[in-house]
Amino acid sequence: MQPRNMSMSGVVDLAAVKAAQEAKAKAEQARAEAARHGGAGAVSPADLVIDVDEAGFERDVLQRSAEVPVVIDFWAEWCQPCKQLSPVLERLAVEYNGRFLLAKIDVDANQMLMQQFGIQGIPAVFAVVAGQALPLFQGAAGEEQIRGTLDQLVQVAEERFGLTGLVVDPDAELGAQAVPAAAPAGPYDALLEAAVQALDAGDFGGAVQAYKNVLSDDPANSEAKLGLAQAELLQRVQGMDPQQVRRDAAEKPADAGAQIAAADLDLVGGHVEDAFGRLIETVQRTAGDDRDAVRRRLLELFEVVGTDDPRVVGARRALARALF
């Protein structure tokens, strides 16, 4: 899903003189130490992506953020958008060659960290620079948008904190865990890959068509069904004026179209419960064709989030109560 882009200008608040000087001094000391040992401080590409829990957060994130920006990917196994976003972040961590470190945090196993960061929905991506946290975006994002955000993060880390990142050993191998064995190509792998590439490029119409091509031959293909629901959502919100949509929804609480549009924006922004709750309330306020349109859109949004998601299970029960 499209992210709620956070202005990187907020990082300026992190640049307190003392913090910046301390961070810069630590970075220079680390680089000097690595140089004295002939590059012994170099890491392998496999070390650029790490799993972090509450016990290791201070060591693996806060302390490391004094030498390299740490990007945090908050995810969960049941989160379908996470399964699209996380591989992109992992690939970019290697491609950026040590300019940032990617820390992956499973929110189900680390509820305290989720609360401390004030996370309302996942996927959610934060950065920690010189011990200071800042939000990057919430919800899945296209690769171009992710790159733009990472470029700004790296620039701020260098200019304000003197963090030039980690030294990566080009001769080190990624390792068996970082490079999974190639699975046999399935009959629809090329079409599904084309759909993902279209999504990354912002070509939502192309992604919709690619997923429909798969479903025309294999109507039960779960990956294509999920991808189609997400691509259609992104296509719907692409030309929206968010302020006008929010205004219309506030002024017309019983208007099915206004509430449906606002729910789409809610979901794209990662506010899953808000989207579901809005449409369930609208079901209660409407009747006939309007009510049916709201119900159908809610079912479509269930597909976007994933039918096994606990929030979907709860919303299904609430929808049943509203209907009957």
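Colleague: Why is R297 called buried in this predicted model?

Modeller: R297 has a relative accessible area of 16%. Buried means under 20%, so R297, at 16%, is called buried.

Colleague: What makes E300 and R297 a salt bridge?

Modeller: The closest N and O atoms of E300 and R297 are 2.9 Å apart. The definition asks for a side-chain nitrogen of Lys or Arg within 4 Å of a carboxyl oxygen of Asp or Glu, and therefore the pair of E300 and R297 qualifies. Both residues lie in helix 12, three residues apart, which is about one turn of the helix.

Colleague: Why is E300 called partly exposed?

Modeller: The relative accessibility of E300 is 33%.

Colleague: What makes R297 and D264 a link between parts of the chain?

Modeller: R297 forms a salt bridge with D264, and their closest N and O atoms are 2.9 Å apart. Because R297 lies in helix 12 and D264 in helix 10 (residues 256-268), the pair ties together parts that are 33 residues apart in sequence. Both R297 and D264 are buried. In total, the structure holds 18 salt bridges.

Colleague: Why are strand 1 and strand 5 said to stand at the edges of the sheet?

Modeller: The open sheet has five strands in the order 1-3-2-4-5, with mixed pairing. Strand 1 (49-51) and strand 5 (132-138) each have a single partner strand, so one side of each is left without a neighbour in the sheet. From one strand to the next, the twist averages 25°.

Colleague: How do you know that strand 2 and strand 3 are paired?

Modeller: Six bridges join strand 2 (residues 70-75) to strand 3 (residues 101-106), and the two run parallel. Pairing needs at least two bridges, so these strands meet the rule. V70 stands opposite L101 in strand 3.

Colleague: What makes the lining of the largest cavity nonpolar, polar or charged?

Modeller: The lining has 10 residues, and C79, P81, I122, V305 and R311 lie nearest the centre of the cavity. The lining residues divide into seven nonpolar, one polar and two charged. Cys, Pro, Ile and Val count as nonpolar and Arg as charged. The volume of this cavity is about 40 Å³.

Note on methods
Residues numbered from 1 in each chain as written. Predicted model: local features only at pLDDT ≥ 70, side-chain atom pairs only at ≥ 80, totals over all residues. Heavy atoms only, no water. 1 Å grid on protein atoms, 1.4 Å probe; cavity = no way out; pocket = protein on both sides within 12 Å on 5 of 7 lines; lining within 4 Å. Points joined across faces, edges and corners; volume = space filled by probe spheres on them. Helix = DSSP H or I, 4+ residues; strand = E, 2+ residues; numbered from the N terminus. Axes fitted to C-alpha atoms, helices over the stretch in contact; angles between N-to-C directions. Buried < 20%, exposed > 50% of the residue type's maximum accessible area, 1.4 Å probe, protein only.
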